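Visitor: Before we begin, could you walk me through this model in questions and answers, giving each term its cut-offs as we go?

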Amino acid sequence: MEFNLQDVDAIIDQWGPKPASLLQIMLDINHRYHYLPKESLSRVAERLVMPINHVYSVATFFKVFSLKPRGRTIMHVCTGTACHVKGTPRLLDRLEQDLHLKPGETTADMAITLETVNCVGACASAPVVVVEGVTHAEVTPNKVSKIAKGLRQRESVASDQ
Amino acid sequence: MNRLNSMQDLETLREEAIARHQRLKKWVRVCSGTACHSQGGEQVVHAFQQYLNARGLTVEYMVKPTGCNGFCAQGPIVVVEPENVFYARVGADRVDEIMERTVLGDEILDDLLYVNPETGAKIAHEHEIPFFAGQERMVFHSTGINYVTDVEDYISRGGYSALAKTLSEMSPEQVIAEVKLSGLRGRGGGGFPTGVKWESCRRARGETKYVICNADEGDPGAYMDRSVMEGNPHQVIEGMIIAAYAIGATEGYIYCRFEYPLAVKNAGWALEQARAYGLLGQNILGSSLSFDIFINRGAGAFICGESTALMASLEGKIGEPRGKHIHTVEKGLWNLPSNLNNVETYANVPMIISNGGKWYAGIGTERSKGTKIFSLVGKINNTGLVEVAMGTPLRKIVYEIGGGIPKGKCFKAVQTGGPSGGCIPEALIDLPVDYEKLKEAGSMMGSGGMIVMDNETCMVDVARYFLNFLTEESCGKCVPCRMGVKRMHEILAGICQGKGEPGDVERLEELCNSIKESALCGLGKSAPNPVLSTIRYFRDEYEAHIHQKKCAARVCKPLITYEIDLDKCTGCGRCRMKCPEGAVLGAKKECHVIDEEACVRCGICLENCKFGAIYVESVGIESPIFVQP
């Protein structure tokens, strides 16, 4: 998504330019761009009338925020306890082999980012992987390979067009 | 919809909603909880709706997308009412058949019924299934039957009648007295008496007071709050309004994890409906009470489940906790009196008011009253949400309700209390589950996650997993937690890598004891629990890792090898072709072998072998390398 300050302003206006809205505003910006663009943070600090270091402290404290641009698709692998005992480590190993990504890393073409999440609360379906809001249940290493392959193929079709 | 301006308006609406429901010949409940959703529940709902619309059957028949049913292992779940016929693992392709034969006809589709794995018998009705029959569902009773997006459905089942009773018949002091009498304790983990907290908050001086709902369910492996929030948000909202009345609060917040988007969405809808019906806002139900609730999303920090960190985060600051000597009931959010309870705690309140504190106090054990919802997950047959009375023996939860351990494996331990809790071993399987007994056993209630482990789970690895979690989630404010937990994690990671040294266990114990004494908040103080409880019950596993370099559960990668069973290998070559490292050697149609040096223990060969010829071994070494001085 193309960055522009009007969108950032619209998000700020939606929550109101007050300190208590900081986290909610940043969540929306992060959701929109998959990361927190530097310009957006200065804008937030300016509009909420707070020091930029306060904005950065929040941006670096919470796990969901990223200061680095992330891929067009984010794969969230759940590392909750139920998922762990049912084999998440092997899913991460397989993704490292297939995509050459460790958690937190993005493919060179900015297509896919691999992230871990502490628990998505779908413990009965463990282990789970969430891609674009879709929860994949009872994922095996072979299944996760297929999901990654599907994403790769979709990307290459998109770039051909 | 008209605003409800009096208790009478509410009763009239209730009668109308009940009458509307009574006109239905049959209705179909389709679980729309997370697990069923991920298995295709949404398409099932859609298919039912299409069938009804296409044939003009929407007056006498209805499809209800409900909150979580709880029996997540069998999703997507469809229940035909009023007969209570339970169908498991239903695909959208079976909907027409169900409509024609079970809903319009009275037939039961045999192949969709739940099969009792022990007896092989098919069970037709939901209430006869052992998973449900063994439970005492009170808080979670209506989540699985509640039409999520319709407040009138909640009202038709007696919803908001506790609020009406509170506003018309009770003084705030009476509400508090009733909650105190019930013996309700915080369901978020701490177990602090709810009524006492409300009373202190009522007494605290401040012009504005806040009621906050902690829906930042951070314990990995626990999802009961998510399900209640997603499936029955009005029950929580009603509890919060009653709390606001008792305390004298005017504003409320629900702090929900961003990882739970559906909970945020459904709670948002519920709040809008409640406002439209006059159940929130100015002069609720025509009374003098004015109160409104707002939702805030968390941003993926475990520590924000801690009360003071949560409030800091609500103020737009980083989620660092503060010392406990200043109570949040006196100086909480914006330094004003604030009452914080967990989702499940608020969800208990309406029934306490409706039925009386004395009734509630009759359930449970001497010091732990009522019921508790547990998320029974991990290596267990019937994964799902289970609500039982406090004091129910662990054995009943694991075997009777949970259906035991899959694939004929042995039960090893159950982990409760998340990263602040511990592991309960097989020897304590008859332990009655309540706040005190779990604490005595070295664990804690926590928010209610129960992760069952079998003999293929390595307890040292579990301890390492939790310490890794806590290292990442420590906010960094106090040294014991920031540095101490990190050192513990390093020692544990070393042991799992086969680099453990004699004395490591003692070093861990020493660190545990100092961190327990000196950390600032609950996260740090309880961080040693996963380590201490596994050392207490599984010391032999630690010793085997350290001295024999052996992982009996065959989990710790550096201590295992992949082997090929020469009797089973057909030489098909599949593993050789799949291996990313070229570690499998052998000619076609001849037995293959694995080059241990080149093998990275990824397990691709094992997963792809069609003959079950590949197995994992942890041989260890005969005698310890290190000799104790």
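**Cores, contacts and packing**

Guide: The largest nonpolar core has 225 residues, and those with the most contacts inside it are Met26(A), Val128(A), Met240(B), Ile242(B) and Ala243(B). A nonpolar core is a set of buried Ala, Val, Leu, Ile, Met, Phe, Trp, Tyr and Cys residues joined through C-beta atoms within 7 Å. This is a predicted model, in which local features need pLDDT of at least 70 and side-chain atom pairs count only at pLDDT 80 or more, while totals for chains, interfaces and linings use all residues. Residues are numbered from 1 along each chain as its sequence is written, and chains are lettered from A and ligands numbered from 1 in the order in which they are written.

Visitor: Which helix gives the most to this core?

Guide: Helices (H or I, at least four residues) and strands (E, at least two) are DSSP runs, numbered from the N terminus. With ten residues, the helix that gives the most to this core is α11 of chain B, residues 233-247.

Visitor: Which residues does Met26(A) touch?

Guide: Two residues are in contact if their C-beta atoms, placed from the backbone, lie within 7 Å. Not counting residues up to four places away in sequence, Met26(A) touches Leu36(A), Val44(A), Val58(A), Ala59(A) and Phe65(A).

Visitor: How many residues of chain B are in contact with chain A?

Guide: Among the elements of chain B that give two or more residues to this side are α13 (307-314) and α18 (459-473). By class, the side has 20 nonpolar, 18 polar and seven charged residues, where Ala, Val, Leu, Ile, Met, Phe, Trp, Tyr, Cys and Pro count as nonpolar, Asp, Glu, Lys and Arg as charged, and the others, Gly among them, as polar. On the side of chain A there are 39 residues, and those of chain B in contact with them number 45.

Visitor: Why is α13(B) largely enclosed by the rest of the structure, and how many of its residues are buried?

Guide: A residue is buried if 20 or more other C-beta atoms lie within 10 Å of its own, exposed if 12 or fewer, and partly exposed in between, with C-beta atoms placed from the backbone. The cover over the buried residues of α13(B) includes α2 (22-33) of chain A together with β7 (210-215), β8 (251-256), β9 and β10 (338-342) of chain B. The helix α13(B) is largely enclosed because its buried residues number eight of the eight.

Visitor: Are α20(B) and α22(B) roughly parallel or roughly antiparallel to each other?

Guide: Helix α20 (residues 504-518) and helix α22 (residues 529-548) of chain B pack at an angle of about 160°, with their axes 10 Å apart; axes are lines fitted to C-alpha atoms, for helices over the stretch in contact, and angles run from 0 to 180 degrees between N-to-C directions. Angles under 35 degrees count as roughly parallel, over 145 as roughly antiparallel, 65 to 115 as roughly perpendicular and the rest as oblique. By class, their contact has eight nonpolar, no polar and three charged residues. The two helices α20(B) and α22(B) are therefore roughly antiparallel.

Visitor: Is Leu10(B) buried or exposed?

Guide: Leu10(B) is found in helix α1 (residues 7-22) of chain B, and touches Leu4(B), Tyr160(B), Ala164(B) and Leu285(B), not counting residues up to four places away in sequence. Because 22 other C-beta atoms lie within 10 Å, Leu10(B) is buried.

Visitor: What does His125(B) count as, with 15 C-beta neighbours inside 10 Å?

Guide: His125(B) is found in the loop between β6 (122-123) and α5 (130-133) of chain B. Its contacts, not counting residues up to four places away in sequence, are Asn84(B), Val85(B) and Phe86(B). Because it has 15 C-beta neighbours inside 10 Å, His125(B) counts as partly exposed.
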